[in-house]
Amino acid sequence: MIDQEVQRRRTFAIISHPDAGKTTLTEKLLMFAGAIHIAGSVKARKASRYATSDWMEIEKQRGISVASSVMQMEYRGHVINLLDTPGHQDFSEDTYRVLTAVDAALMVIDAANGVEAQTLRLLEVCRARNTPILTFINKMDREVRNPLDLIDEIERTLNMATIPFTWPIGMGKQFHGVFDLRHHSMRVFRPGSDRIEQEGEIIQNLNDDALASRFGQNFTEARQEIDLIQGVIPEFDRAAFLAGEQTPVFFGSAINNFGVREILDALVDLAPPPGARRSLQREVPPIEPKFSGVVFKIQANMNPAHRDRIAFVRVCSGEFKRGMSLKVVRNGKEIRTNTVVSFLSQRRELLDVAYAGDIIGIPNHGTLQLGDTLTEGEALHFTGLPFFAPEIFQTVEIADPMRSKQLKLGLTQLGEEGAIQVFRPHIGSTLLLGAVGNLQFEVVTHRLQHEYGVDARIASAKYQLARWVTADDPSELQRFIDSNAHRIAYDAVDAPTFLASFAAELSVAQENWPAIRFHKMREHA
Ligand code: G4P
């Protein structure tokens, strides 16, 4: 029973550069899977995306993103979980953590722009975990780049073999459709976005001479391109795909509903069901009868008066049943799960059962932290939740010293949520905030004020980079800390961090202290 449920699950996220078409494609996937009523609100999120420095907009975005952060749909007897990632690149830390909770990723590329900066960054995170990647090349209804050029760029910049499953015939006004390279057929393009056509027109006999005159020069050219690539491109190898070395490529136009069904089919047919997850103690297979799960995201609720939060838990094994009591392995606390929510169909309805690959939301008041493992009792610690070395630093002080307790509470909680990283210096008492994007500071000052009543003053700090430091010999680490006391700070879990104002300072320290390791990323254990 558990085995069957696991086998029919697919959990994935979309990675893309802003504007490539993630929102549009998300809506269309939901539409094709019959969850149409959700589509409107996905769009709504987009509206709030641009005005990023406006508080109200940030709040709105937070509110909407809770609701739409996990979308579940059924397609061909499969349960597909789509995890949303924040649109703004300043929240990329959050995105990295979401990517630890998926089994596959869908890379959306704007055919006019090719591989863009943010896609590259997100893809690196996927590569580090060998996450299989499907590729959708979007906006073929526009004047875009040559498809040969595009797949060549993906291969070169992302260092992955591209295996086209479809191939476009023309582009822009002359976009006629795609060849299905597996089934040797052609799907004819028809613009239009309001209705899903069941099948559309599919041409089986590609050798029909009438086709060249119907679709013109583009048809002949596309066939030549196929001949060209088929000589050099390897066969699709599922093992290589699962290892993140090959990516199946699909061409289409999300706004025109074209190529969307192929993506859903690929998710079902190619993407893997949930697999075993690594913990410090052992590998945990998804079909184990006992429940286990890991917190990969924490979102403060919209109601500051209650200060409750939702912990997003990826189910790793077993069967979740509402009401069951679970143990937080970090501190041994028991939690009852009577009010656990699923994200199905956008209403946060109560959830009764869930299996590996599903995401459950557990409301709590701070009991659950990022990286926490939940079990029925076993002491397991899932690994792999990354924290990235901050790239921007600010000091934080308060106008009213009487509020310092609130400041500390606020920063601790926001730090636990992953909104910002908080460092306590080895010498001195001025707290240091670290972030990957500037917007994180704005959100934190705003939330300190509204949720904790603290008027915080943020000022730029002299640091430029941070590295977590470790050493095999604890006394050597201590010696390093003592000798560099003015550059050492401790993070939320008291891990020592070396701070530098210039890259050169880091290289000098690395040269002088060969026994010390400097880490750009810390994994929550
Ligand atoms: P994002 O979430 O990745 O940032 O992208 P989003 O879906 O919001 O799409 C960005 C823009 O690209 C939108 O246009 C959207 O309509 C357009 N788009 C998406 N898919 C296609 C496609 O297949 N073909 C074409 N031609 N355009 C596409 P916009 O002008 O920013 O917004 P809107 O006014 O159209 O909603």
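User: Where is Lys 139 placed?

Analyst: Lys 139 belongs to the loop between strand 5 (133-138) and helix 7 (147-158). Helices (H or I, at least four residues) and strands (E, at least two) are DSSP runs, numbered from the N terminus. This is a predicted model, in which local features need pLDDT of at least 70, side-chain atom pairs count only at pLDDT 80 or more, and totals for chains, interfaces and linings use all residues. Residues are numbered from 1 along each chain as its sequence is written.

User: What is the phi of Lys 139, and is the residue buried or exposed?

Analyst: Most residues other than glycine have a negative phi. Lys 139 is not a glycine, yet its phi is positive, about 70 degrees. A residue is buried if 20 or more other C-beta atoms lie within 10 Å of its own, exposed if 12 or fewer, and partly exposed in between, with C-beta atoms placed from the backbone. Lys 139 counts as buried because it has 26 C-beta neighbours inside 10 Å.

User: Where is Asn 257 found, and what is its phi?

Analyst: Asn 257 lies in the loop between strand 11 (246-251) and helix 11 (260-269). Its phi is positive, near 60 degrees, and it too is a residue other than glycine. Asn 257 is buried, since 23 other C-beta atoms lie within 10 Å.

User: Is Lys 520 buried or exposed, and which residues is it in contact with?

Analyst: Lys 520 sits in the loop between strand 30 (517-519) and strand 31 (521-524). It has 11 C-beta neighbours inside 10 Å and therefore counts as exposed. Two residues are in contact if their C-beta atoms, placed from the backbone, lie within 7 Å. Setting aside neighbours within four places in sequence, Lys 520 is in contact with Phe 388, Ala 389 and Arg 467. Lys 520 and Phe 387 are 133 residues apart in sequence, whereas their C-alpha atoms are 8.6 Å apart in space.

User: What share of the contacts in the protein chain joins residues 24 or more positions apart?

Analyst: Among contacts with a separation of 6 or more, 72% are between residues 24 or more positions apart. The protein chain has 525 residues, and 44% of them are buried. It has 15 helices and 31 strands.

User: What is the strand order of the open sheet of 4 strands?

Analyst: Strands of a sheet pair through backbone hydrogen bonds, either parallel or antiparallel. Here two strands pair if DSSP finds at least two bridges between them. The open sheet of 4 strands has the order 7-8-9-10, with antiparallel pairing. Strand 7 (166-169) and strand 10 (202-203) are its edge strands, each pairing on one side only. Strand 7 is joined to strand 8 (residues 177-180) by 4 bridges, and Trp 167 stands opposite Phe 179 in strand 8. Strand 9 (residues 185-188) pairs with strand 10 over 2 bridges, where Met 186 stands opposite Ile 203.

User: Which residues of strand 7 point one way, and which the other?

Analyst: In a regular strand the side chains alternate between the two faces of the sheet. Thr 166 and Pro 168 point one way from strand 7, Trp 167 and Ile 169 point the other way, and all are buried.

User: How many residues surround the ligand?

Analyst: The ligand is surrounded by 17 residues, the closest being Lys 22, Thr 23, Thr 24, Ser 253 and Ile 255. A residue is near a molecule if its C-beta atom, placed from the backbone, lies within 6 Å of it. Helix 2 (residues 22-32) gives the most to this shell, with 3 residues.
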